[in-house]
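Visitor: I have a model open and would like to go through it with you. Could you take me around, starting wherever you like?

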Amino acid sequence: MSTLFVYAIVGIGLFSIGLYALIMQKHLLRKLLAINIMGSGVFLLFVSLSMRSVTGVLTDPVPSAMVITGIVVAISATALALGLMIKIARKSAKAELCNLDQE
Amino acid sequence: MIEVFLILLPFFGGILSFIIPKFNKVIGLGTFVLTLFFVFGLGLQLLDKGSYYHFIGGWDAPLGINLYVDGLSLVMLGLTSVMGLSLSIYAKKYFICKQSLWFWTIWLFMIAGLNALFLSQDIFNFYVTLELIGLSSVALTALSDTKEALTGAMRYLLITLLGSLFYLLGVALLYHGFGSVDIVILSKKIESIPVAWAALGLMSIGLLLKSALFPFHFWLPLAHSSAPAPISAILSAVIIKASLYIQLRLWSSLFIPLGADLYFEVLFAFFGSLAVIWGSIKALVQTRLKMLIAYSTVAQVGYLFIAFSLALGGISIAWSALVYLILSHALAKSAMFLVAGNLLHFHGHDRIIDLDRIAQRLPLSTTAFALAGVSIIGLPLSGGFIGKWFLLEASITKSNWVITCTILLGGLLATGYVFKVLGFTFTKTAFSQETKNISLSMELIPLSLAIMAIALGFFATPLFSLMEIGNPFFIIRVQP
Amino acid sequence: MNVNTYIPLFVILSSFVPALIIFRLPQKRHTLRTFLNLFGIFMTLFFVLWMFIGVYHNQEYLFRLPLLPNLDFSLKAGALALFFTGLSSILWFITTIYAIGYLEGSAHSSRFFGFFSLCITATIGVALSANLITFLIFYEILTLSAYPLIIHRGTEESRIAGNKYLFYTIAGGALLLLGVVWLYVLTETLEFTPKGFVYTIVQEHHFASMMIFTLFIAGFGVKAALFPLHGWLPLAMVAPAPVSALLHAVAVVKAGAFGIIRVVYEVYGIEIVTLLHLMTPLAVIASITIIYGSLRALFQDNLKRRLAFSTVSQVSYIILGVAIAGPVAAMGGIVHLVHQGVMKITLFMGAGNFAETLGVHYISQMNGIGKRMPLTMVAFSIGALGMIGIPPIAGFITKWYLGFGALDSGEEWVLFILAGSSLLNAAYFLPILYRAWFLSPPQSWPDEQIFSKTETKLSLLLPPLITAFFSLIFGLFVATPWSPLSWVQLIIEREFY
C-alpha cells in the first residue's frame with residue numbers, strides 16, 4: 001500500500017508542478033517541458049495504479065499498454081509543438097505567446 | 001463491418017493522398033463520398049437491427065476493443081460526413097497549391113479520428129481519438145501560417161494537451177477503481193466512492209477545457225478565427241462537439257448513478273448562462289467578422305450546456321434539445337465561417353463596417369449568412385428554432401425562470417450581432433475597394449449548409465425517431 | 001384526402017414560389033418579373049375566392065403536417081382567416097401595380113419584389129394559421145422579410161431604422177415565443193378553438209394565465225404598434241412608398257392586431273379574459289394609443305410620419321373593438337381591419353405620388369397641390385375624410401359600431417375616446433385638405449416630373465383611385481350580403497359567440 005501511495009503522490013506532485021509551470025512560464029519551450037512533466041506524472045500514476053494486489057506480485061498489463069500509447073501521443077504532440085514554436089519564433093522574433101486579443 | 005470501414009477509409013485515404021499528392025483532391029473527395037455512403041448504409045442497418053456492438057477481431061471487452069453504434073452515434077457520424085464532404089468541396093477551391101499538399105492528409109486523419117470517437121465505447125479510446133483530433137486540428141489551424149494563426153494554434157495545442165492530460169488522469173483513476181475502461185462494464189461496477197468522484201472532477205475539467213465552456217473559452221476565439229475558413233468551420237461545428245459527446249456518453253451511463261448530477265446541474269446552468277451572455281456581448285462588440293462568429297460559438301456552447309444542465313435535471317426533452325442544438329449549430333455556424341471566408345477572399349479583409357454592398361454583389365453568400373443567422377438566433381422555422389423551443393419547454397417545465405430569461409436574452413443578443421453584419425451588407429462604403437472573384441462552388445456550399453440548417457426545422461419528427469434508436473439517453477427518470 | 005385539403009397550402013405557395021424565382025432573376029428581366037408577380041397574385045386570388053365560396057357553404061379547408069411530436073404545422077381557412085387573407089391578397093394586387101410603377105427600373109428590383117412577395121406569403125400564412133406555433137412561424141418570417149424592404153435604399157438612415165425595427169419586433173417575438181411555449185407546457189395544445197382552450201387550466205394556473213396573456217399582448221402589441229411599443233413604426237417610413245402602404249399600413253401592423261384577435265377569441269375566449277380582469281386594461285391601453293397616436297400625428301410636418309402616427313392610432317380601434325367585449329363592438333373592430341386597410345393604403349399611395357411626381361415630402365409644401373394633381377388629391381381626401389369618420393365612407397361604419405357596441409356593453413367612457421379621437425383626426429387631416437385645395441400653388445415644385453397626358457404615371461394614379469373607391473362603396477353598401485361587414489357578421493356568429 002505504502003509503495004503505491006508514494007508513487008501516486010509523486011505522480012500527482014509532478015502533475016501539479018507541471019500545471020503550475022505551464023501557467024506561470026512565458027517561454028514556449030518551458031511550457032512544453034511543463035506539459036511533458038505533467039504527462040510523466042500521469043503516466044507514473046497510471047502504471048503504479050496497475051499494481052492491483054497489496055503484495056505487488058500480480059500486475060495488470062493493460063495500463064502499461066495504455067501508457068505506451070500515451071507516450072506515443074505525447075511524443076508526437078511534442079514534435080508538433082516544437083515545430084509550431086520554431087515557426088512562431090521566426091515570425092515574431094521571440095518564442096512567447098503574445099496577447100493578440102487586446103489589440 | 002461497415003463501422004470499421006468508417007475509420008479505416010479516411011485513414012487510408014489520408015495516407016494515400018500523402019503518397020500521391022498529385023491526385024490528393026480526387027482521393028480526398030472520393031473518400032468523403034464513400035464515407036457518406038457508408039454512413040447511409042450504417043443508418044439502414046441500424047434501422048433494421050437496432051443498436052449493436054462490434055467486437056474488433058472478435059475479442060470482447062475487457063480484452064478487446066468494442067465499437068458501438070446507436071442513434072446518437074449515427075447522427076454524429078452523419079453530421080461529420082456531411083460536413084466533411086461539403087467542406088472538402090469548398091476547400092478544393094479555397095486552398096492554394098502548397099497548403100493543399102498538407103491539408104488533405106491531415107484533414108482525412110482528423111475525420112478518421114472523429115469517426116472513431118463517435119463509434120468508441122471505452123474511455124481510453126476516447127482519449128486516443130481526442131488526441132488524434134486535437135493534434136490534427138492544431139496542425140490545420142496553423143495552415144494559414146500567419147502570426148495570429150500560429151499563436152492561436154499554439155494556444156489551442158497547449159489547451160488541448162492540458163485537457164487530455166486531465167482526462168487521462170481521470171481514466172487512470174477509474175481504471176484503478178473499477179478495473180475496466182469499457183463503458184458498459186464500468187457502468188455496472190461504478191459506485192459512489194472517492195476515486196469515482198475524483199475521476200469525475202478531473203475528466204470534467206479536461207473535457208470542459210476542450211469544449212470551451214465559459215470561463216475556459218479564452219483560447220477559442222483566436223484559434224477559430226485565425227484558422228483557414230473550412231477549418232474554422234469544422235472546429236466550431238464538430239470538434240467542439242466531440243468532447244461534449246464524450247461527456248454525454250459518460251454522464252448518461254456512468255456519472256448519473258453517482259448522484260453528482262445536482263452539483264453539475266447548477267454548475268453547467270451557471271456557466272452556460274454566463275457563456276451565453278458573455279459570448280453574445282463580446283460578439284456584439286467585435287469589429288471583425290470572423291472574431292464575431294467565433295464569439296458566437298462561445299455563446300452557443302453556453303446553450304449546449306444549458307440544455308445539458310436541464311437534461312441532468314431529469315427533463316428528458318432537454319436531451320433532444322441538446323442534440324438538435326448541436327446539429328443546427330454545426331450547420332449554421334460552418335455556413336457562417338465559410339461566408340466569412342468568402343468575404344475575406346472577396347475584399348481582402350473582414351472588417352464589418354466595410355462590407356461594401358455585399359448584399360448586391362454576393363447575394364448567395366449574403367443569403368447563406370442570413371439563413372444561418374436565422375438558425376443561430378433560433379427564429380422559426382429552422383433547426384435552431386426547434387432546439388430553442390425544446391430548451392424553453394424544458395426550462396419552463398422545470399420552472400427555472402433565470403434560464404428561460406437567459407435563453408431569450410441570448411436570442412436577442414444574437415439578433416443584434418447577426419443583423420449588425422447584415423445591415424452593413426446593404427450600405428456603401430465611402431472609399432472603393434478592390435475585389436476578387438469568388439468561384440460559384442464557394443458560394444453554393446455555405447448556402448446549402450445554411451439551407452440544411454433551416455431544413456432541420458422540418459424534419460424534427462423523423463430525426464428524433466432516428467436518434468432514439470438504442471435509447472442513448474437510457475437514464476430518463478421521472479420528475480419527483 | 002381531397003384537393004380541398006391542399007388549397008390553403010396552394011395559397012401560400014402561389015406567392016412563395018414566385019418570390020423564390022424572382023430573387024434569382026437578373027435586374028433587366030422586367031417583363032418576366034412582372035408576369036411572375038401577377039401570375040402569383042392571380043393564383044392567390046383564385047384560390048382565395050374559391051375558399052370564400054366554400055367557407056360560405058360551410059366547407060372546411062384544413063392542411064396538416066407534423067412538425068414536432070404532438071405539434072402540427074397546420075393551415076385552416078375559416079371565416080376569420082379568409083377575411084384577413086382576402087384583404088391582404090386584394091391589396092397586394094393593387095399595391096403591386098403601384099410598386100411596379102414606383103420602383104421598376106430602379107436598382108435591385110428583383111430583391112425588392114422577392115421580399116415583397118415573401119412578406120405577403122407570411123401575411124397570408126399568419127391569416128391561415130390554425131394554431132399558435134404556425135402563427136408564430138409566419139409571424140417571424142414576416143418580421144424578417146420586411147427588414148430588407150426597410151433598408152432597401154441602403155443608406156445609413158435606413159440601416160439605423162431597420163435595426164430599430166428589428167430590435168422592437170424581435171424582442172416582441174421573444175416575448176411571444178415565451179408565451180407560446182409556456183402555454184404549451186401548461187395546456188399541451190396550441191390549436192385555435194372557438195371560445196378558447198385556456199379554460200382548462202385557468203383554475204389551477206390563474207397567475208400563469210394572466211402572465212401569458214400579458215406576454216401575448218406585449219408580443220403582438222409591438223407589431224400592432226400599441227403604445228408604448230410603437231416606436232419602430234414612424235421610423236420605418238424610410239422605406240419606399242409601396243412598402244409603407246402595404247406593409248406598415250396593412251400587413252405588418254394588422255398581423256399584430258390579428259394576433260390579438262386570435263388570442264382573445266380563440267385561445268383564451270372572451271369569458272376567460274373577462275374573468276381574469278384583463279379586458280379593461282386592454283381597452284385602456286388601446287384608448288391611450290388612439291389618443292396618443294393622434295396627438296403625435298398633429299405635430300408632424302413630414303406627411304408620411306403623420307400618416308404613420310395616424311396608423312398607430314387607427315390600428316388600436318381594432319383592439320378597442322375586441323376589448324369592449326360585446327358582439328357589436330367586435331364587429332366594429334374586426335371590420336376595421338379592412339376599412340382602415342383600404343383607407344390608409346389610399347393615403348400612403350397618395351403621399352407616395354406627391355413624393356414621386358413633385359418631390360413633396362412635407363405638409364408645408366402641399367399648398368395648392370390639389371390643382372396640380374386633382375385625381376390623387378380626390379383619392380387622398382376620401383381616405384382622410386373616412387379616417388375622420390364622415391359618412392358614408394367606410395371609417396364611419398367602424399366608429400358607429402364601436403360606439404354602439406360600447407353602449408351595448410355599458411362602457412360609456414369609450415364614446416369620449418371615439419369623439420376625442422375623431423376631433424383629433426379632423427384636426428390633423430383637415431388642414432392638409434385645406435392647404436391642398438384652397439391655397440394657391442407655389443411657383444415651382446421641389447422636384448417635378450411632367451407626364452403629358454395625366455397628372456402622374458398611370459400605374460401610380462389608378463391604385464389609389466381604386467382603393468378610394470373601395471372605401472366609398474364599403475361605406476355605402478354596408479347592408480349588401482358581400483360587404484365586409486356582412487362577412488364579419490358571419491365570423492362573429494360562427495366563431496366567437
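Visitor: What is the peptide bond from Phe214(B) to Pro215(B) like, cis or trans?

Guide: That bond is cis, and its omega is near 0°. A cis peptide bond also joins Pro391(C) and Pro392(C), where omega is about 5°. Pro392(C) sits in a loop as well, the one between helix H15 (374-388) and helix H16 (394-408) of chain C.

Visitor: OK, on to how the chains meet. Which chains have the most contacts between them?

Guide: Of the 2 pairs of chains that touch, chains A and B have the most contacts. Chain A and chain C do not touch, and their nearest C-alpha atoms are 28 Å apart.

Visitor: How many residues go into the contact of chain B and chain A?

Guide: Chain B contributes 34 residues and chain A contributes 37 residues. Between them the two chains bury about 3,300 Å², with 82% of it on carbon and sulfur atoms. On the chain B side, Met154(B), Leu165(B) and Tyr175(B) lose the most area to chain A, and together they make up 18% of what that side buries.

Visitor: And how many salt bridges are there across that interface?

Guide: The rule finds 1 salt bridge between chain B and chain A, and this is the pair Asp145(B) and Lys87(A), whose closest N and O atoms are 3.1 Å apart. Lys87(A) belongs to helix H3 (residues 61-92) of chain A, whereas Asp145(B) is in the loop between H5 and H6 of chain B. Over all chains, the count by this rule comes to 10 salt bridges.

Visitor: What about the backbone at Asp145(B), is its phi positive or negative?

Guide: The phi of Asp145(B) is positive, near 65°, in a residue other than glycine. Another positive phi, also near 65°, belongs to Asn58(C), which follows H2(C).

Visitor: Since you mention H2(C), how many residues does that helix have?

Guide: Helix H2 of chain C (residues 30-56) has 27 residues, and from its first C-alpha to its last it reaches 39 Å, which is close to the 39 Å expected at 1.5 Å a residue.

Visitor: Back to chains A and B. How many residue pairs are in polar contact there?

Guide: There are 2 residue pairs in polar contact between chain B and chain A, counting pairs in which both residues have pLDDT 80 or more. On chain B, the elements that give two or more residues to the side touching chain A are helix H5 (123-141) and helix H6 (147-178). H6(B) gives the most, with 20 residues, and by class the residues of that side divide into 26 nonpolar, 3 polar and 5 charged.

Visitor: Now the other side. What does chain B bury with chain C?

Guide: Chain B and chain C bury about 2,900 Å² between them, and 83% of it is on carbon and sulfur atoms. This contact takes 33 residues from chain B and 34 residues from chain C. Trp389(B), Phe419(B) and Phe426(B) supply 23% of the area that chain B buries against chain C, more than any other three residues.

Visitor: How many salt bridges does the rule find across that one?

Guide: The rule finds 0 salt bridges between chain B and chain C, and the count of residue pairs in polar contact, with both at pLDDT 80 or more, is 1.

Visitor: Which elements of chain B give two or more residues to the side that touches chain C?

Guide: They are helix H14 (358-361), helix H15 (363-377), helix H16 (383-397), helix H17 (401-426) and helix H19 (460-467) of chain B. H17(B) gives the most, with 10 residues, and the side as a whole has 22 nonpolar, 8 polar and 3 charged residues.

Visitor: Last topic, confidence. What is the mean pLDDT of chain B?

Guide: The mean pLDDT of chain B is 88, and 98% of its residues reach 70 or more.

Visitor: Where in chain B does pLDDT stay under 50?

Guide: It stays under 50 over residues 475-480 of chain B, for which the model has 14 contacts beyond four places in sequence. Where pLDDT is low, the predicted coordinates should not be read in detail.

Note on methods:
Residues numbered from 1 in each chain as written. Chains lettered and ligands numbered in written order. Predicted model: local features only at pLDDT ≥ 70, side-chain atom pairs only at ≥ 80, totals over all residues. Heavy atoms only, no water. Contact = heavy atoms within 4.5 Å. Buried area = accessible area lost by both parts, 1.4 Å probe. Salt bridge = Lys/Arg side-chain N within 4 Å of Asp/Glu carboxyl O. Polar contact = N/O pair within 3.5 Å; in protein donor to acceptor, adjacent residues only side chain to side chain. Helix = DSSP H or I, 4+ residues; strand = E, 2+ residues; numbered from the N terminus. Nonpolar A, V, L, I, M, F, W, Y, C, P; charged D, E, K, R; others polar. Expected span 1.5 Å × (residues − 1). pLDDT = per-residue confidence, 0-100.
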